[in-house]
Amino acid sequence: PLPPPADRAIGLLIGGLRGELGPDAHYLELQAGVAYAWRMPFGTRAGAIYRFLSARSDLKDTGGEGHAADLGIQRPVGPIRLGACAANLISSVRWRAGDETARDRAGLDEPLSRRWSLGVGWEPRRYPVRLVLQGDWAGDAFRFLQRGTGVEWRPLSTATLRAGFRQREDALGTRSEWSGGAGLTVGEFRLDYGLASHARGLGETHRWTAGLAL
């Protein structure tokens with residue numbers, strides 16, 4: 001967010017994802033990036049993110065490094081916010097492999113699949129509640145990926161409770177997923193926790209996020 005009178009903001013991000021592929025195999029995904037947000041006419045806000053990506057797996061010693069850029073825009077209309085985002089708008093990943101069966105992909109530069117998102121948020125002025133509806137599409141053919149809804153309730157100015165539901169369609173079929181979470185803000189420090197059931201086929205997934213505004 002860009003609270004007045006700020007016209008622009010810069011952010012840094014570091015993230016990681018670790019998954020279990022078996023009793024002796026793991027998958028590790030890391031990313032680091034920089035974000036820039038700015039104001040536009042009529043209350044519109046825009047943001048861009050550059051991310052460096054690194055992935056590694058103990059399974060056949062495969063992995064890769066790459067880059068990606070995301071772009072988003074948001075427009076308030078009274079208590080409603082309209083948003084759109086293009087993830088992996090520009091991207092490239094170079095893969096490597098230590099196993100002969102995967103050598104055909106090693107050394108190739110491949111773009112990541114683009115992901116398009118549209119969202120509508122409603123935040124009544126008199127109540128500490130926010131409702132969100134979102135749809136996601138994948139690839140340049142805009143193949144439908146998922147639809148979802150979420151609610152956020154702030155019982156205290158420093159505490160937030162969240163719940164969500166989404167229906168997802170991919171190679172594993174159509175399935176429904178529930179999620180929940182909580183957030184805590186102390187001064188300029190923010191800590192968030194989220195729990196998702198069967199997130200993207202990974203099983204029960206826990207996510208932690210920490211942020212500091214400077």
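**Secondary structure.** I counted the elements first: the protein chain has 0 helices and 13 strands. I took helices (H or I, at least four residues) and strands (E, at least two) as DSSP runs, numbered from the N terminus. This is a predicted model, so I kept local features to pLDDT of at least 70 and side-chain atom pairs to pLDDT 80 or more, while totals for chains, interfaces and linings use all residues. Residues are numbered from 1 along each chain as its sequence is written, and side-chain values use heavy atoms, with hydrogens and water left out.

**Whole chain.** I looked up burial next (buried is under 20% relative accessible area, exposed over 50%, partly exposed in between; 1.4 Å probe, protein chains only). Of 214 residues in the protein chain, 22% count as buried. The accessible surface is about 14,300 Å², and carbon and sulfur atoms hold 63% of that. Accessible areas come from the Shrake-Rupley method with a 1.4 Å probe; for residues, only the protein chains shown count as cover. For contacts I used heavy atoms within 4.5 Å. Among contacts in the protein chain with a separation of 6 or more, 36% are between residues 24 or more positions apart.

**Asp70.** I found Asp70 in strand β4 (residues 63–77). Is Asp70 buried or exposed? Asp70 is buried, at 13% relative accessible area. Its side chain forms a salt bridge with Arg51 (2.9 Å, N to O); the term stands for a side-chain nitrogen of Lys or Arg within 4 Å of a carboxyl oxygen of Asp or Glu. Arg51 sits in strand β3 (residues 45–57), so the pair ties together parts 19 residues apart in sequence. Arg51 is buried too, at 12%. I also noted that the Asp70 side chain reaches the backbone nitrogen of Asn88 at 2.8 Å. Leaving aside neighbours within four places in sequence, Asp70 has contacts that include Gly47, Ile49 and Ala86.

**Other salt bridges.** I counted 12 salt bridges in the structure. Asp140 pairs with Arg114, with the closest N and O atoms 2.8 Å apart. Asp140 is in the loop between β8 and β9 (143–156), and Arg114 in the loop between β6 (109–110) and β7; they are 26 residues apart. Asp140 is exposed at 55%, whereas Arg114 is partly exposed at 28%. Arg190 and Asp192 form another salt bridge, also with a closest N to O distance of 2.8 Å. Through shared partners, Glu123, Arg130, Glu152, Arg154, Arg162, Arg190 and Asp192 are joined into one network.

**Leu89.** I placed Leu89 in strand β5 and read it as partly exposed at 28%. Its C-alpha atom is 8.5 Å from that of Ser113, 24 residues apart along the chain. Beyond neighbours within four places, Leu89 is in contact with Ala69, Leu71, Arg114 and Trp116.

**Nonpolar patch.** Which residues form a nonpolar patch on the surface? They are Val77, Ile80, Leu82, Val120, Trp122, Leu131, Leu133 and Val151, with about 640 Å² of accessible area together. Patches are made of residues with over 30% relative accessible area and no salt bridge; like charges are joined within 9 Å, nonpolar side chains (Val, Leu, Ile, Met, Phe, Trp, Tyr) within 5 Å. At least two patch residues come from each of β5 (80–96), β7 (115–122) and β8 (129–138).

Note on methods
Polar contact = N/O pair within 3.5 Å; in protein donor to acceptor, adjacent residues only side chain to side chain.
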